[in-house]
Amino acid sequence: MLRHSKGQAPRVLTGWQATPGADWESLSAADKDKVREALLRDQGRLCAYCQRRIPTKDKRMKVEHWSAQSGGEGKLRWTNLLGVCLGDAAIETGSTTGERHCDTARGDKKLFLHPVEGQGPSPREYLGYTAEGEARPSKEKTDARHVAEDISALNLNAQRLRRARREVYEMLKQRLEEAGWDAAALRAEYKAAGIQPGVPALEHCEMVRYHLQRWARKQNIAL
C-alpha cells in the first residue's frame, strides 16, 4: 500500500463537493477524467493499494473511496479518493479465471491503514514485506490484527502480487550486490523509490523502501 501526499484537488471537484447529494456518478465523463489524472499525478501512476503501474492509454483504473460511499460521508472529499487498478486478473488478461485484489476484493470492508499522508495510520509504519514478496504486519507494531485484516480485505498477497514483488526484490538485491552494498548505492536506490508528483514512480516502491531501510540499519547507514 502506498503512502503519498495529496496535491491540489482538480477544480472540477470543488463545485461538485458543494452540490447536495452529489457523488462520483454525478460527474461528467470529462470531469471524471480530470480527477483520474490528478490522482495518477499524486500517486506516481501507481495503484494506491497494490503499487502496480496503472495503464493510462486504455484508462484501466478505478476511482476508489477509502471510506466507502455506502457510508454516506466524504463521497467527493479529495483525501477520500484514490486511484486503484482494476484488481481483476480475468478482466485484465482476458482469461476466464483469475485472482481479485485491491478495491475489487475489498467491497465495502472498512480499512485501518490509509494511503494518504495525514489521514490515519501509515502503511509505512505497519506493513512489512518478506523476500518472497509477502506483505505482512510489521513486528514493531501492536495492531497486527487490524493490519492483517487490511491485507486480507485487499488480498494484497494474491499470487501475482507476491510474484511481482519477489521479482522487484531480486533485481534490487542484485543491483546492490554488484555495487558492493555501497552506501551511495543504497541512498540512490532509496531516492529512486520516492514518489514525486507527476513522475511515474517505481512499481512496489514501498516494498523497496522497506528493504532498503532494513539493509541500511544493519550497516548503520543513514538514508
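**Salt bridges**

In this predicted model, the salt bridges number 15.

Select Asp 33 and Arg 36. A salt bridge joins these two residues, and their closest N and O atoms are 2.8 Å apart. Asp 33 is partly exposed, at 28% relative accessibility.

Next, select Glu 92 and Arg 160. Here the closest N and O atoms of the salt bridge are 3.2 Å apart. This pair links distant parts of the chain, for Glu 92 is in helix α3 and Arg 160 in helix α7, 68 residues apart. Arg 160, with a relative accessible area of 15%, is buried, because buried means under 20%.

Now select Arg 124 and Glu 206. They form a salt bridge whose closest N and O atoms are 2.9 Å apart. Distant parts of the chain are again linked: Arg 124 lies in helix α5 and Glu 206 in helix α9, with 82 residues of sequence separation. Arg 124 counts as partly exposed at 31% relative accessibility, whereas Glu 206 counts as buried at 5%.

**The largest pocket**

How much space lies in it? The volume is about 240 Å³. The lining consists of 13 residues; select Ser 138, Lys 139, Glu 140, Tyr 210 and Arg 217, the closest of them to the centre of the pocket.

To see where the lining comes from, colour four elements: α5 (123–126), β3 (127–129), β4 (135–137) and α9 (205–218). Each supplies at least two lining residues. The largest share, four residues, is that of α9. Sorted by class, the lining includes seven charged residues, three polar residues and three nonpolar residues.

**Aromatic pairs**

How many aromatic pairs does the structure hold? There are four. Begin with Tyr 129 and Tyr 210. Their ring centres are 5.9 Å apart and their planes meet at 70°, so the pair is edge-to-face. Planes over 60 degrees apart receive that description. Tyr 129 belongs to strand β3 and Tyr 210 to helix α9, so the pair ties together parts that lie 81 residues apart in sequence. Tyr 129 has a relative accessible area of 4% and is buried.

Trp 215 counts as buried, with 7%.

**A charge over a ring**

Select Lys 6 and Trp 78. The charged end of Lys 6 sits over the ring of Trp 78, at 4.0 Å from the ring centre.

**Two positive phi angles**

The tour ends with the backbone. Return to Trp 181, in the loop between α7 and α8. What is the phi of Trp 181? The angle is near 55°, a positive value in a residue other than glycine.

Then select Cys 102, in the loop between α3 (89–93) and α4 (103–106). Phi of Cys 102 is likewise positive, near 55°, and this residue too is other than glycine. Cys 102 is buried, as its relative accessible area is 0%.

Note on methods
Residues are numbered from 1 along each chain as its sequence is written. This is a predicted model: local features need pLDDT of at least 70, side-chain atom pairs count only at pLDDT 80 or more; totals for chains, interfaces and linings use all residues. Side-chain values use heavy atoms; hydrogens and water are left out. On a 1 Å grid over the protein atoms alone, a cavity is a set of points where a 1.4 Å probe fits but cannot get out, and a pocket is an open set with protein on both sides within 12 Å along at least five of seven lines; lining residues have an atom within 4 Å of a point. Grid points are joined across faces, edges and corners, and a volume is the space filled by probe spheres set on the points. Ala, Val, Leu, Ile, Met, Phe, Trp, Tyr, Cys and Pro count as nonpolar, Asp, Glu, Lys and Arg as charged, and the others, Gly among them, as polar. Rings of Phe, Tyr and Trp (its six-membered ring) pair if their centres lie within 6.5 Å; planes under 30 degrees apart count as stacked, over 60 as edge-to-face and the rest as tilted. Buried means under 20% relative accessible area, exposed over 50%, partly exposed in between (1.4 Å probe, protein chains only). A charge sits over a ring if NZ of Lys or CZ of Arg is within 6 Å of the ring centre and within 35 degrees of the ring normal. A salt bridge is a side-chain nitrogen of Lys or Arg within 4 Å of a carboxyl oxygen of Asp or Glu.
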